[in-house]
Amino acid sequence: MAKKRPQTKAKRPQTTGGARAAGTDGEVPVVGAREPCPCGSGRRYKACHGRAAAHAATELVHRPFEGLPGECDWVALRELVPAATVELTLRGGLPEGVPAVTLATVLPMAWPALRRDDGSVLLGLQNDTASGDISRDLADTLQRALEAQPGTPVQGRRAPADSPRLQDLLDPEGAFEPEVHSGFEFWVPDPENATPEVTASLERANAAAIPTVKLQGVDAAYWCETPEKNHLRWVMPHPEEQLLDALARLHAAGRSSLGEGTRLVGSFRAHGLTVPVWDLPSGVLAEDVEKPAAEFAERLAAALATDAPLTADERRARGGLTNRQVTLS
């Protein structure tokens with residue numbers, strides 16, 4: 001049986017923006033969900049002014065990384081890449097005592113964030129979030145990590161509905177350049193001198209990581225190796241309907257592959273973007289698809305620029321692609 005969640009009361013009432021008390025110019029204080037609403041309506045808070053706050057906290061943001069530099073790579077690191085890091089640039093620079101802020105795909109013990117002994121911050125991306133806005137939850141975690149004591153992890157929580165998002169905290173002109181790692185040695189500053197427990201944890205994590213390589217010639221395309229075949233998964237920024245039409249045109253014309261033995265098998269949706277997927281023979285490595293991927297990008301650009309109605313063959317190809325499409329988020 002589920003345990004009852006203990007009721008807690010704030011020492012000082014908070015207020016909720018956007019909800020004004022009836023007949024007053026002040027903001028309505030936030031109280032317990034079952035308590036009478038302070039606006040004087042006679043209804044419980046959750047059925048009155050609490051509705052807007054609850055909706056704001058749970059409303060799903062379909063493109064949480066939109067507007068950030070490297071949106072496609074944010075999606076890839078969230079959903080596709082086992083081990084990677086990116087140096088983040090904050091608006092206004094780093095606070096005193098924080099030498100660096102680094103985004104990581106995952107952290108030890110699935111911590112949302114970690115303030116290292118030297119004051120630097122690691123922010124974990126592949127974590128469950130408490131609200132429907134990943135960007136807001138990550139920004140809340142980042143802000144708390146910047147103020148945490150060195151040497152301590154930061155736990156997750158539901159971010160306040162009016163708190164900043166990553167788009168508010170990160171420099172919009174900052175570079176976003178993922179570094180893909182073969183393992184999780186970036187967890188510790190000196191893995192060779194780590195304790196036996198940490199070494200064992202690293203070995204388990206490394207054993208579970210799928211080998212992954214980021215292509216250099218095109219944006220947000222990631223090769224990965226699996227036991228039976230390899231894959232290329234390419235996060236694309238184009239509007240979904242336009243992209244599917246373009247892929248269908250190329251597929252119907254026999255121009256959607258990345259070389260002999262490769263095949264465009266479908267796509268999936270992730271955080272508002274579409275991710276086409278190719279099957280590759282097990283002998284095809286990341287460097288082998290660099291040139292074919294660049295050539296495909298040129299064919300795709302031409303197909304995206306075409307607005308003629310799809311032919312019957314192209315419509316059938318589009319139907320086949322959409323029938324194999326799944327949504328990850």
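**Figure 1. Helix α6 crossing helix α8 in the predicted model.** The crossing of α6 past α8 is right-handed. Helix α6 covers residues 240-252 and helix α8 covers residues 312-323; their axes come within 8 Å and cross at roughly 115°. From α6, the residues in contact are Glu241, Leu244, Asp245, Leu247, Ala248, Arg249, His251 and Ala252. They meet Asp313, Glu314, Ala317, Arg318, Leu321 and Thr322 of α8. By residue class, this contact holds six nonpolar, two polar and six charged residues.

**Figure 2. Helix α6 against helix α7.** Helix α7 spans residues 290-304, and α6 packs on α7 at an angle of about 115° with the axes 9 Å apart. The crossing of α6 past α7 is right-handed. On the α6 side the contact is made by Gln242, Leu243, Ala246, Leu247, Arg249 and Leu250. On the α7 side the partners are Phe296, Arg299, Leu300, Ala303 and Leu304. Eight residues of this contact are nonpolar, one is polar and two are charged. An α-helix has 3.6 residues a turn, so residues three or four places apart point the same way.

**Figure 3. Lining of the second largest pocket.** The volume of this pocket is about 510 Å³. Its lining consists of 20 residues, and those that lie nearest the centre are Leu114, Trp187, Val188, Pro189 and Val198. Two elements give two or more residues to the lining: β5 (113-115) and α5 (196-208). The lining divides into 10 nonpolar, four polar and six charged residues.

**Figure 4. Surroundings of Leu114.** Leu114, found in strand β5, is one of the residues that lie nearest the centre of the second largest pocket. Leu114 counts as buried because its relative accessible area is 11%, under the 20% cut-off. Leaving out residues up to four places away in sequence, Leu114 touches Leu107, Ser120, Val121, Leu122, Thr152 and Pro153. Arg144 lies 30 residues from Leu114 along the chain, and the C-alpha atoms of the two are separated by 9.9 Å.

**Figure 5. The largest cavity and its lining.** The count of cavities of 30 Å³ or more comes to one. The largest cavity holds about 70 Å³ of space. Its lining is made up of Leu68, Pro69, Trp74, Leu88, Thr89, Leu170, Asp171, Gly174, Ala175 and Phe176. Of these lining residues, seven are nonpolar, two are polar and one is charged. Rolling a probe the size of a water molecule over the atoms shows where empty space is left.

**Figure 6. Helix α2, a mostly covered helix.** Helix α2 runs over residues 71-79, and eight of its nine residues are buried. The buried residues are Glu71, Cys72, Asp73, Trp74, Val75, Ala76, Leu77 and Arg78. Trp74 is buried in α2 and also lines the largest cavity.

**Figure 7. The protein chain as a whole, for orientation.** The chain contains eight helices and 14 strands. Of its 329 residues, 44% are buried. Among contacts between residues at least 6 apart in sequence, 58% join residues at least 24 apart.

Terms used: Residues numbered from 1 in each chain as written. Predicted model: local features only at pLDDT ≥ 70, side-chain atom pairs only at ≥ 80, totals over all residues. Heavy atoms only, no water. 1 Å grid on protein atoms, 1.4 Å probe; cavity = no way out; pocket = protein on both sides within 12 Å on 5 of 7 lines; lining within 4 Å. Points joined across faces, edges and corners; volume = space filled by probe spheres on them. Helix = DSSP H or I, 4+ residues; strand = E, 2+ residues; numbered from the N terminus. Nonpolar A, V, L, I, M, F, W, Y, C, P; charged D, E, K, R; others polar. Buried < 20%, exposed > 50% of the residue type's maximum accessible area, 1.4 Å probe, protein only. Contact = heavy atoms within 4.5 Å. Axes fitted to C-alpha atoms, helices over the stretch in contact; angles between N-to-C directions. Left-handed = near helix turned anticlockwise from the far one by under 90°.
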